[in-house]
Each structure stands twice: as C-alpha cells, then as structure tokens.
Amino acid sequence: MSPALILALILFIPVVLLLALRVNATLVFLSLCLGDVLTQFVGKDASSFFSFLANNRVTAQPLTVSDRNLRLVLLLFPVLLTTIFMIRTVRGAPRLVLNILPALGVGIVGALLVVPLLSPGLSHNIVDAALWTQITRAQDLIVSASALVCLLVLWLQRPKTGDAGKHHKH
C-alpha cells in the first residue's frame with residue numbers, strides 16, 4: 001500500500017467514523033489532546049513501569065511492548081473511550097453538519113500525533129510523502145484552527161438558559 005494511501009486512511013477513517021457514529025467530535029478532539037498530554041508526561045514513567053512489570057513476571061515468555069506502542073496506546077485510549085461513550089450524541093442534521101469541522105480536526109491533528117509513533121519503516125515512508133510535507137508545514141495553522149473550531153462548536157452546543165425552554169403552570 002502506498003504511503004499516501006495509508007496517510008489518507010489515517011486522516012479520513014476518524015472523520016468517517018465520527019460522522020457515521022454521530023459522535024461529538026469536539027469531545028473526541030479534547031480527548032486526543034488529553035492523550036497527547038498523557039504521552040508527554042506519563043509516557044516515560046509508564047514505559048519504565050511496564051518494563052519493571054515485564055521483568056518481574058514469573059512466566060517463561062518475556063512480555064515486551066515497545067515505547068512507541070505504549071505511547072500510541074496512551075494517545076488513543078482516551079479517544080477510543082470517548083468515542084464509545086459518545087456514540088449517537090449528535091442529533092439533528094444541523095449539528096451533524098457542524099460536527100464535520102471538528103471531525104476533520106480530529107483526523108488531521110490525530111495524524112500529526114500518530115504518524116511519529118508508528119513503526120519506524122511505516123513512519124519513514126509516510127514522512128517522505130508529499131502530502132505529509134504539506135501537512136507538517138501547515139501544522140501550526142491546522143492545530144490552531146482545529147482548536148478554535150472545536151471551542152466555537154463546544155460553545156454553540158451549550159444549553160439554552162432563561163425562561164424560553166421552561167413551561168410554567170399558572
């Protein structure tokens with residue numbers, strides 16, 4: 001499979017899944033950000049802890065997990081849980097259309113975070129692709145715009161306040 005096709009799949013599978021499952025992509029974007037924080041601040045300790053557990057096992061078979069794989073799990077676990085818990089939380093066509101931009105943000109920012117954690121051969125092939133070069137050149141704009149769009153969508157989804165939605169009996 002060509003690196004450009006793999007990158008396209010990494011970019012668009014999350015978008016298609018979030019829209020098909022009607023998941024609030026803004027919350028998934030925030031979970032992706034949480035996963036990135038976990039990989040940065042917990043990744044090394046988790047890797048050391050996992051190595052300690054693996055070395056102290058009683059079984060004959062060694063248990064090994066690469067640092068990249070552990071970081072990938074830390075990055076994507078919050079995303080997976082949020083996606084599962086938020087299935088069918090986007091109701092109505094207008095909200096689904098509004099969900100497209102945050103879903104695209106999840107796909108693109110997710111690719112920026114996932115590709116460096118893939119196996120070295122696959123990661124190298126993707127990084128050499130022309131599409132990846134364009135994405136990384138615009139990564140500041142992509143991350144900023146995605147964060148701003150997600151905040152705006154989140155703010156637009158807040159519950160209405162006031163007496164408009166209340167029914168009073170007189």
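The legends below describe close-up views of side-chain contacts and cysteines in a predicted model. Local features are reported at pLDDT of at least 70 and side-chain atom pairs only at pLDDT 80 or more, whereas totals for chains, interfaces and linings use all residues. Residues are numbered from 1 along each chain as its sequence is written, and side-chain values use heavy atoms, with hydrogens and water left out.

**View 1. The salt bridge between D67 and R71.** A search of the whole structure finds 1 salt bridge, the term being applied to a side-chain nitrogen of Lys or Arg within 4 Å of a carboxyl oxygen of Asp or Glu. In the pair formed by D67 and R71, the closest N and O atoms are 3.0 Å apart.

**View 2. The setting of D67 and R71 in helix α4.** The two residues lie 4 residues apart in helix α4 (residues 67-85), and are thus separated by about one helical turn; helices are DSSP runs of H or I with at least four residues, numbered from the N terminus. D67 is partly exposed, at a relative accessible area of 35%, while R71 is buried, at 15% (buried means under 20% relative accessible area, exposed over 50%, and partly exposed in between, with a 1.4 Å probe and protein chains only).

**View 3. The cysteines C33 and C150.** With a disulfide defined as a pair of cysteine sulfur atoms within 2.5 Å, the count comes to 0 disulfides. C33 is in no disulfide, and its nearest cysteine sulfur, that of C150, is 7.6 Å away. C33 is partly exposed, with a relative accessible area of 32%, whereas C150 is buried, with a value of 3%.
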